[in-house]
Amino acid sequence: MDRQTATTVSALQPPAEGASPAFDRTAPVRAVLAGIGAYLPLNLVTNEALAERVDTSDAWIRERTGIRQRYLAAPHETCAYMATAAARAALADAGAVGSDVDAIILGTSTPDQAFPSTATRVQAELGAGGFAFDLSAACSGFVYALSVADAMLRTGQARGCLVIGSEVFSRIMNWQDRGTCVLFGDGAGAVFLRAAPGLAGPQTPGILSTRLHSDGRLGDILYVDGSVGRPDRPGHLVMNGREVFRHAVHLLAGAVAEVLADNGLTAADVDWLIPHQANARIIEGVSRRLGLPAERVVITVDRHANTSAASIPLALAEAYADGRIRRGQLVLLEALGGGLTWGSALVRM
Ligand code: UT7
């Protein structure tokens, strides 16, 4: 989406209007996506503009990745600032307010501080209750956070949960490394989940299932070589792109096959694939394996670049805002990132 349309999307109400104040914990509960919102920074940087300060070209970046531009955060556009803006938009979309929120799970690798968590900063801004925490799973952060939120809503630990992906990767870029600095952008996306009792089966709304994976043996192919705990070395992103690429398609294809099988569904049932937006070639590889035509895949990597944990909710928000994704449709999410971490989620809107 363009920045101007990023902050609000059309209203999407859950089928049952929220959870009753004291629903039966033994009855099945679904996490329904009640609202969606996003935020993109003000500063749009094209490949051509980047090529003025980095030894690269628009042609190379487009050919290898599909990226044309990215948004880069100004100093005031911190992880918490963007997360709060996206969260407000998601709440507005759901017709909810801060006091309806009793959990915030924020996927990020670029928090404002080691602690308190960025999620608690957002909680204060929104006047939300309950609890809030950050979750670290790199580019898989949103899918991981969605999975944790789903489990918490199903078990009655929360009834209204914000799941946010917010990233300022521009702050951890090595701007001397043209192999990585051209690939990433900043932004945030959020969904507001409501616990809705009495829903079952793959045709009713909500998160149908999620699958998470990680393989720590592959930790050194994509990492940050420092930390917020080391003021002498806050750290830059380091990536062996070829190695990540080599693992991406088959691991992602495996994860999406799992969530479909969990629900007795096939790729033919999927209305939209919303992949993590790292590289157009990886996205094509996964959709080809699934047999999904390009018209059913949401692509934002060309305009947003790789926004890590924010990429899926940003793409989801865009496809809602422009009316492509509609209520009742089946949406498949997948992501892979540093760790390696990867996972998938299947959602009936
Ligand atoms: O979200 C986290 C998950 N991450 C990913 O999914 C990333 C997966 N990997 C990739 O998308 C690709 O590996 C990249 C897009 C990162 C790189 O594409 P590649 O085809 O693997 O290129 P490469 O790194 O092997 O570099 C090929 C050439 C090299 O030149 P020589 O040695 O062949 O002369 C690089 O120096 O391209 C050169 N190069 C560039 N040239 C212009 C590398 N970066 C650039 C650049 N501009 N920005």
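Since the model is predicted, local features need pLDDT of at least 70 and side-chain atom pairs count only at pLDDT 80 or more, while totals for chains, interfaces and linings use all residues. Residues are numbered from 1 along each chain as its sequence is written, and side-chain values use heavy atoms, with hydrogens and water left out.

Let me begin with the division of the chain. Domain 1 brings 54 residues to the contact and domain 2 brings 45, where contact means heavy atoms within 4.5 Å.

I turn now to the buried area, that is, the accessible area (1.4 Å probe) that two parts lose on being put together, summed over both. Between domain 1 and domain 2 this is about 4000 Å², with 67% given by carbon and sulfur atoms. On the side of domain 1, Cys139, Val143 and Tyr144 supply 16% of the area buried against domain 2, more than any other three residues.

Which side chains form a salt bridge? Arginine 68 and aspartate 302 do, at 3.3 Å, N to O. The term requires a side-chain nitrogen of Lys or Arg within 4 Å of a carboxyl oxygen of Asp or Glu. The count between the domains is one salt bridge.

Thank you for your attention.
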